[in-house]
Amino acid sequence: MSLISIFCGSPRSEGRSQCFATGLFEELIAMNPECEVSLISIADMDISGCIGCEGCRETFECVINDDMQELIDYFRDTDEIFIACPIYMAGVPAQFKAVLDRLQPLYWEDARHGELKPAHVHLFGEGHDPYGSKGAEASIRSALHVAGFEVKDVKLHIN
């Protein structure tokens, strides 16, 4: 059975990104009854920032004891990923940036050199940032590539 994972990168459990992710979750379940669909909300998780210790280099597991190992397992197991994330100051929120930075175990596993799995990104913003979404897109593309994914499309939801 295929696994499709939706990651909501917003620290707000009631924001636009979360509402979109919930709707997408319901839509993907209806469209893919043969698949398992998971919705993971960063707002509900305890994830610290990467400390750059390289403790994951040998064991492929982070030395920090928080919810990130659960997310690493989703990244390993999922066949297709969707990201719904707000844009904060042309980048991603700090809480989601911590997730992206903590994908280091997948870097050391060399996931980026295997067959890349598809990723789809939805970014949300108010449209008043003169620097746009390029910083957020670059951070997400880079981290997902390390984790063994190729971003197939980026859709902007800007008011």
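**Sheet, cores and aromatic pairs**

Strands E3 and E4 (residues 117-125) run parallel and are joined by six bridges. Strands (E, at least two residues) and helices (H or I, at least four) are DSSP runs numbered from the N terminus, and two strands pair if DSSP finds at least two bridges between them. The model is predicted, so local features need pLDDT of at least 70 and side-chain atom pairs count only at pLDDT 80 or more, while totals for chains, interfaces and linings use all residues. Residues are numbered from 1 along each chain as its sequence is written, and side-chain values use heavy atoms, with hydrogens and water left out.

Contact here means heavy atoms within 4.5 Å.

How much of E3 is buried? Six of the seven residues of this strand (residues 80-86) are buried, so E3 is largely enclosed by the rest of the structure. The classes follow relative accessible area, with buried under 20%, exposed over 50% and partly exposed in between (1.4 Å probe, protein chains only).

The interior can be described through nonpolar cores, that is, sets of buried Ala, Val, Leu, Ile, Met, Phe, Trp, Tyr and Cys residues joined through side-chain atoms within 4.5 Å. The largest core has 30 residues, and those with the most contacts inside it are Leu 71, Phe 75, Ile 83, Phe 96, Leu 103, Ile 140 and Leu 144. At least two residues of this core come from each of H3, E3, helix H4 (94-101), E4, helix H6 (134-146) and E5. Apart from this core lies another one, of eleven residues, among them Ile 4, Ala 21, Leu 24 and Leu 28. Once neighbours within four places in sequence are left aside, Ile 140 is in contact with Ile 83, Val 92, Phe 96, Leu 100, Val 121 and Leu 123. In H4, the buried residues are Phe 96, Ala 98, Val 99 and Leu 100, and they pack against H3, E3 and H6.

Rings of Phe, Tyr and Trp (its six-membered ring) pair if their centres lie within 6.5 Å; planes under 30 degrees apart count as stacked, over 60 as edge-to-face and the rest as tilted. The count by this rule is five aromatic pairs. For Phe 75 and Phe 149 the ring centres are 6.1 Å apart and the planes stand at 80 degrees, so this pair is edge-to-face. The two residues are 74 apart in the chain, with Phe 75 in helix H3 (residues 68-77) and Phe 149 in strand E5 (residues 149-158). Phe 75 is buried at a relative accessible area of 1%, and Phe 149 is buried at 1% too. Another edge-to-face pair is formed by Tyr 107 and Trp 108, with 4.9 Å centre to centre and 80 degrees between the planes. Tyr 107 is partly exposed at 29% relative accessibility, and Trp 108 is partly exposed at 22%. One aromatic cluster consists of Phe 7, Tyr 74, Phe 75 and Phe 149.

Turning to cysteines, a disulfide is a pair of cysteine sulfur atoms within 2.5 Å, and the count by this rule is zero. For Cys 50, the closest cysteine sulfur is that of Cys 62, at 6.6 Å, too far for a bond. Cys 50 is partly exposed, with a relative accessible area of 37%, whereas Cys 35 is buried at 16%.

Finally, Asn 159 sits in the segment after E5 and is exposed at 59% relative accessibility. Leaving aside neighbours within four places in sequence, Asn 159 is in contact with Arg 16, Gly 125, Glu 126 and Gly 127.
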